[in-house]
Structures are given as structure tokens and as C-alpha cells.
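Try each task before reading its solution.

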Amino acid sequence: MTHTVPLTVAVIGAGPDRRKFGNKSVRAHLAAGFTVFPIHPTATAVEGLPAYRSVKDIPVEKLDRVTVYLPPAVGLTILPEIAAMSPGEVWFNPGAESAELLAKAHQLGLNAIPFVK
């Protein structure tokens, strides 16, 4: 029997408001078996999980996935922090993507996955 380690995901823009998509993402990833790290500048917990102020505060060296629920202008400012975590993939959700953001993400070597309608 082999033991598999749960995949890790940082949800940037997660918050305590259950109506918002960042919170819904936390719940969906938990239901799918991920180890979830909510990122929020002021919340201390999201869905019973400790919330982190920044990706760089997460207690792991590498992330399997990052999913972003922030405006593109804010996302641009944190791309270097995301790149430092060497995630396998970075999802930019509706309203979080822009041509400039995606270009910068690719420039930093990120596997950026934009929302496609």
C-alpha cells in the first residue's frame, strides 16, 4: 500500500465571506482532498483553517497549485512571491487575469492558467 501526500494549494484572496469565490474555492479544494492554505491580509482563519498574510508565510517549500482571486493590479505585485514558491500551476480566476499579468507570470516561469470563457 502506498501513501500519497495530499496536494497543496494556496487560495490567494480567500476570506471568511462564504458568498465570495475565494471562500468557495477553499471549500471546493478541501472537499477534493487538498491541503489548503488560505491567503488574506487581515483574516486569521478561513473555514476553520489558519489564514496567512502572504504566500511567503505558508509553512511549505513548494506548492502544487496557486489559485488567485485578486484584481490584476494586485496580482502583479505578488507574482514574485508566487514564483518563489515554485508552484506546479497558477490559476487566474475571472476578474483576476489580464494580458499584462499573464505575460509577467510567463516571464517568471510560472505555468499560468487563465480563466477561459
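## Exercises with worked solutions

**Exercise 1.** Find where Ala105 sits, and decide whether Ala105 is buried or exposed.

*Solution.* Start with the secondary structure: Ala105 belongs to helix α3. Bear in mind that you are looking at a predicted model. Next, take the accessibility: the relative accessible area of Ala105 is 0%, so this residue counts as buried. Then list the neighbours: leaving out residues up to four places away in sequence, Ala105 touches Leu79, Phe92, Leu110 and Ala112.

**Exercise 2.** Work out which strands helix α3 lies across, and at what angle helix α3 runs to β7.

*Solution.* Helix α3 spans residues 99-107 and lies across β6 (89-92) and β7. Its direction makes an angle of about 160 degrees with that of β7.

**Exercise 3.** Write down the strand order of the open sheet and name its edge strands.

*Solution.* Trace the five strands in the order β2-β1-β5-β6-β7; they pair in parallel. The edges are β2 (35-39) and β7 (112-114), each of which pairs on one side only. From one strand to the next, the twist averages 20 degrees. Now zoom in on one pairing: β1 (residues 8-12) and β5 (residues 65-68) are joined in the parallel sense over four bridges. Ile12 stands opposite Val68 in β5.

**Exercise 4.** Take His29 and His40 in turn: in which element or loop does each lie, and is each buried or exposed?

*Solution.* First, His29 is part of helix α1 (residues 21-31). Its relative accessibility is 12%, under the 20% cut-off, so His29 counts as buried. Beyond residues up to four places away in sequence, His29 touches Val9, Val11, Phe34, Val36, Arg65 and Thr67.

Second, His40 is found in the loop between β2 and β3 (45-46). With a relative accessible area of 19%, His40 is buried too. Finally, check the polar atoms: one in the side chain of His40 lies 3.0 Å from the backbone nitrogen of Thr42.

**Exercise 5.** Find the ring over which the charged end of Lys24 sits, and give the distance to its centre.

*Solution.* The ring is that of Phe21. The charged end of Lys24 is 5.1 Å from the ring centre, inside the 6 Å limit.

Conventions. Residues numbered from 1 in each chain as written. Predicted model: local features only at pLDDT ≥ 70, side-chain atom pairs only at ≥ 80, totals over all residues. Heavy atoms only, no water. Lys NZ or Arg CZ within 6 Å of the ring centre and 35° of its normal. Pairing = 2+ DSSP bridges. Helix = DSSP H or I, 4+ residues; strand = E, 2+ residues; numbered from the N terminus. Axes fitted to C-alpha atoms, helices over the stretch in contact; angles between N-to-C directions. Contact = heavy atoms within 4.5 Å. Buried < 20%, exposed > 50% of the residue type's maximum accessible area, 1.4 Å probe, protein only. Polar contact = N/O pair within 3.5 Å; in protein donor to acceptor, adjacent residues only side chain to side chain.
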